[in-house]
Amino acid sequence: APSILWFRQDLRLSDNAALIAAAHEGPFAAIYILDDKAPAANAMGGAQRWWLHHSLTALARSLEEKGVELILRRGESIAELDALKKETGATRIFAARQYEPWWQAVDDRLDDRLTLHDGSYLAPPETIRTGSGGRYKIFTPYWRALQQQMPPAAPRAVPTGITGTNARSDRLADWKLLPTTPDWSKGFGDWNPGEEGAKTALHDFLDEAANYDRARNMPSEEGTSRLSPHMHFGEISPATIWHRISETKGNRGEPFLREIGWRDYAANTIDQFAHYGSANARDSFDRLKWRKGSEADADFGAWTRGRTGYPIVDAGMRQLWTTGWMHNRVRMIVASFLIKHLLIDWQRGERWFWDTLVDADYNSNSVNWQWVAGTGVDSNMFVRIMAPLVQSEKFDAGDYIRQWVPELAALPDATIHDPHGAGCAPADYPTPLIGHREGRERALAAYRAMKA
Ligand code: FAD
């Protein structure tokens with residue numbers, strides 16, 4: 001009997017342990033299921049649907065070159081898998097292990113029908129243990145222990161002579177994953193979703209990797225890899241990245257690999273605290289009086305549209321809307337601004353990112369939002385309030401602001417970070433929603449009230 005190869009967030013052929021295992025058994029039916037029920041509130045956002053459309057197109061093409069059809073189905077994973085088993089006579093299902101709680105729940109229900117394979121992370125998070133066998137909660141010791149298990153096993157090639165089993169498939173176009181009107185994806189043109197695009201992104205980054213430690217904090221430079229959406233969709237394995245980076249001569253790869261380690265750490269957190277995306281890990285923050293109501297809603301709307309009057313924040317939010325991605329340093333600044341200066345619950349920001357990021361990832365998104373908010377399992381940073389103007393100057397964001405906030409493009413470096421403060425803001429640029437000192441004091445007062 002054939003088996004089933006179930007693609008989820010592992011849309012690649014290379015170094016895919018589930019594919020290798022399925023191929024070893026003989027012919028397999030390769031399926032992707034668009035399941036919006038299992039993730040419930042975490043159903044894929046708009047930007048990711050755009051990515052998924054193109055990534056599935058690429059996957060279907062590379063499978064077809066091997067003579068294998070990619071079967072597309074929409075519905076509940078378990079029902080669709082059971083239907084496909086009946087249609088094809090398949091007995092076993094092979095898939096890559098995921099740590100999102102909804103996938104874990106589906107996998108538990110499939111129990112012995114399903115064989116799971118690792119490879120979506122540098123190491124399975126549950127294998128990284130303290131001396132006494134416990135789990136890590138903090139990044140640095142997790143990273144130290146993870147490095148003890150590195151390098152990961154060498155990436156494995158696509159097996160030769162794989163055979164597919166055909167079955168009825170939806171037409172991808174009928175899923176309507178791409179936006180129609182308005183088409184907000186016009187600025188997504190630099191992305192190249194799929195396994196080839198992932199390889200190219202890594203290749204292009206290899207020359208830059210030596211400068212990463214300095215350049216990664218400079219939003220106006222292309223100093224980072226932009227591998228995040230490729231990694232989220234599993235178009236390239238972390239082990240492949242690890243080996244390519246460490247083999248490259250003259251490359252001080254460590255700072256970059258450490259960031260890949262953050263991705264593993266986020267999965268390690270979610271594996272222990274499944275509801276991290278929707279609840280404060282420190283429940284004392286449930287008592288914090290976030291701003292609510294129409295004034296807060298208007299401020300939230302201005303934040304989403306990049307009209308806060310803080311150029312660095314506005315540049316980031318417009319880059320996000322236009323390209324589906326935002327520079328990491330700027331993600332920290334805009335998140336901190338929303339949470340502290342606007343005193344709006346981090347979960348509203350997390351939701352906006354979920355819908356607009358091509359790399360939206362339940363693990364990384366919720367772990368980073370709770371980290372900035374100080375509500376997470378690691379340090380409480382609520383009282384450390386980033387000053388957006390200082391950040392903007394320190395990370396030399398002048399050119400970045402010029403690119404994304406064109407109404408400020410003519411301003412010199414000396415005034416572009418704070419045009420209102422310098423008295424030279426153009427008429428069409430909004431006044432700041434709140435002053436830095438005022439926002440800071442309001443946040444600290446809310447924090448003190450929560451503690452009292
Ligand atoms: P590089 O600097 O080239 O890093 C290489 C890879 O390491 C990334 O592709 C990513 O897979 C991983 N990585 C880097 N930084 C982090 C980090 N802090 N946490 C986890 N993984 C990391 N990243 C996501 O992939 N998905 C998200 O939904 C997401 N939401 C975020 C929300 C906030 C508020 C913040 C502050 C950060 C968030 N990040 C998220 C982390 C980080 O901003 C992005 O991974 C990074 O900007 C992606 O760009 P890059 O691929 O060029 O990164």
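Buried residues make up 44% of the 452 residues in this protein, which is seen here as a predicted model. The chain holds 19 helices and five strands, and its radius of gyration of 23 Å is close to the 22 Å that the globule rule gives for 452 residues, so the protein is as compact as a globular protein of that length.

**Overall form**

- Taken along the principal axes, the box filled by the C-alpha atoms is roughly 75 × 50 × 50 Å.
- Of the contacts with a separation of 6 or more, 77% are accounted for by residues 24 or more positions apart.

- An unreviewed UniProt entry places the feature "domain: Photolyase/cryptochrome alpha/beta" at residues 1–122, a stretch that is 42% helix and 20% strand, with its end C-alpha atoms 33 Å apart.
- Helix α1, at residues 17–25, has Ala17, Ala18, Leu19, Ala22 and Ala23 as its buried residues, and what covers them includes the strands β1 (3–7), β2 (28–34), β4 (93–96) and β5 (114–117).
- After α1 comes Gly26, which has a positive phi, near 125°.

**Helices α9 and α10**

- The axes of α9 (residues 238–247) and α10 (residues 254–272) come within 10 Å and cross at roughly 170°; because angles over 145 degrees count as roughly antiparallel, the two helices are therefore roughly antiparallel to each other.
- On the α9 side the contact is made by Pro238, Ile241, Trp242 and Ile245, and on the α10 side by Phe256, Leu257 and Ile260.
- Sorted by class, this contact of α9 with α10 has seven nonpolar residues, no polar ones and no charged ones.

**The annotated binding site**

- The "binding site" annotation, which comes from an unreviewed UniProt entry, covers Tyr212, Thr224, Ser225, Arg226, Leu227, Ser228, Phe256, Asp359, Ala360 and Asp361.
- These residues are spread over 150 residues of sequence and are also spread in space, with up to 22.8 Å between C-alpha atoms.
- Phe256, one of the annotated residues, is also one of the α10 residues that make the contact with α9.
- Ser228 is found in helix α8, which covers residues 228–232, and Ser228 counts as buried because it has 20 C-beta neighbours inside 10 Å.
- Asp359 lies in the loop between α14 (346–356) and α15 (362–373), and Asp359 is buried, with 21 other C-beta atoms within 10 Å.
- When its neighbours within four places in sequence are left aside, Asp359 is in contact with Ser228, Pro229, His232 and Trp325.

Methods: Residues numbered from 1 in each chain as written. Predicted model: local features only at pLDDT ≥ 70, side-chain atom pairs only at ≥ 80, totals over all residues. Axes fitted to C-alpha atoms, helices over the stretch in contact; angles between N-to-C directions. Helix = DSSP H or I, 4+ residues; strand = E, 2+ residues; numbered from the N terminus. Parallel < 35°, antiparallel > 145°, perpendicular 65-115°, else oblique. Contact = placed C-beta atoms within 7 Å. Nonpolar A, V, L, I, M, F, W, Y, C, P; charged D, E, K, R; others polar. Rg over C-alpha atoms; globule rule 2.2 N^0.38 Å. Buried ≥ 20, exposed ≤ 12 C-beta atoms within 10 Å, placed from the backbone. UniProt positions renumbered as here; feature names shortened; annotations may be inferred.
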